[in-house]
Amino acid sequence: MLYYAFKTVVTLILILAVAEISKRSTVIGGILASVPIISVLAMVWLYMDTNDTEKVAMLARSIFWLVLPSLSLFISLPVLLAQGVNFWTSLTASLALMIGCYLLTIYLLESTGFDT
């Protein structure tokens, strides 16, 4: 139980640090947010929990392919905001687009035999 609490605290601290740093500098916040902190932590936690490098490799492979549809959020959100669309509407539309891109990517990966 203490191990799970430790993992939670470390993860939360990193996320909060990015949010707080972004208030002071969006460039530094962007750099920190673009580093795959959550992905790296997930791989570390998975390896520590299982000692299974094949599972870690499969997770890394899946992350690679699923980063591509997530980029739709970072393309559509600033475009919508620049068009004067309300923040919450822009965020909702961008998230919906991203989810659609995820579903399409997963469908394409599964239809080509990729193990998701």
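This is a predicted model: local features need pLDDT of at least 70, side-chain atom pairs count only at pLDDT 80 or more; totals for chains, interfaces and linings use all residues.
Contact here means heavy atoms within 4.5 Å, and it is in this sense that helix 4 (53–82) is included in what covers the buried residues of helix 5.

**Helix 5.** Spanning residues 87–111, helix 5 has 25 residues and reaches 36 Å from its first C-alpha to its last, close to the 36 Å expected at 1.5 Å a residue. At its N-terminal end the helix is capped by Asn 86, a side-chain oxygen of which lies 2.7 Å from the backbone nitrogen of Trp 88, while after the helix comes Gly 113, with a positive phi near 90°. The buried residues in helix 5 are Ser 90, Ser 94, Met 98, Thr 105 and Leu 109.

Phe 64, Trp 65, Val 67, Leu 68, Leu 71, Phe 74, Ile 75 and Val 79 make a nonpolar surface patch of about 780 Å². Of these, Trp 65 has its place in helix 4, whereas Asp 49 belongs to helix 3 (residues 37–50); the C-alpha atoms of Asp 49 and Trp 65 are separated by 24 Å, although the two residues are 16 residues apart along the chain.

| Residue | Relative accessible area | Class |
|---|---|---|
| Trp 65 | 34% | partly exposed |
| Asp 49 | 42% | partly exposed |

**Around Asp 49.** Leaving aside residues up to four places away in sequence, Asp 49 touches Tyr 3 and Lys 7, and its side chain makes a polar contact with the side chain of Lys 7 at 3.0 Å.

Conventions
Residues are numbered from 1 along each chain as its sequence is written. Side-chain values use heavy atoms; hydrogens and water are left out. Helices (H or I, at least four residues) and strands (E, at least two) are DSSP runs, numbered from the N terminus. The expected span of a helix is 1.5 Å times one less than its number of residues. Buried means under 20% relative accessible area, exposed over 50%, partly exposed in between (1.4 Å probe, protein chains only). A polar contact is a pair of N or O atoms within 3.5 Å; within protein, one must be able to donate a hydrogen and the other to accept it, and residues adjacent in sequence count only if both atoms are side-chain atoms. Patches are made of residues with over 30% relative accessible area and no salt bridge: like charges are joined within 9 Å, nonpolar side chains (Val, Leu, Ile, Met, Phe, Trp, Tyr) within 5 Å. Accessible areas come from the Shrake-Rupley method with a 1.4 Å probe; for residues, only the protein chains shown count as cover. A salt bridge is a side-chain nitrogen of Lys or Arg within 4 Å of a carboxyl oxygen of Asp or Glu.
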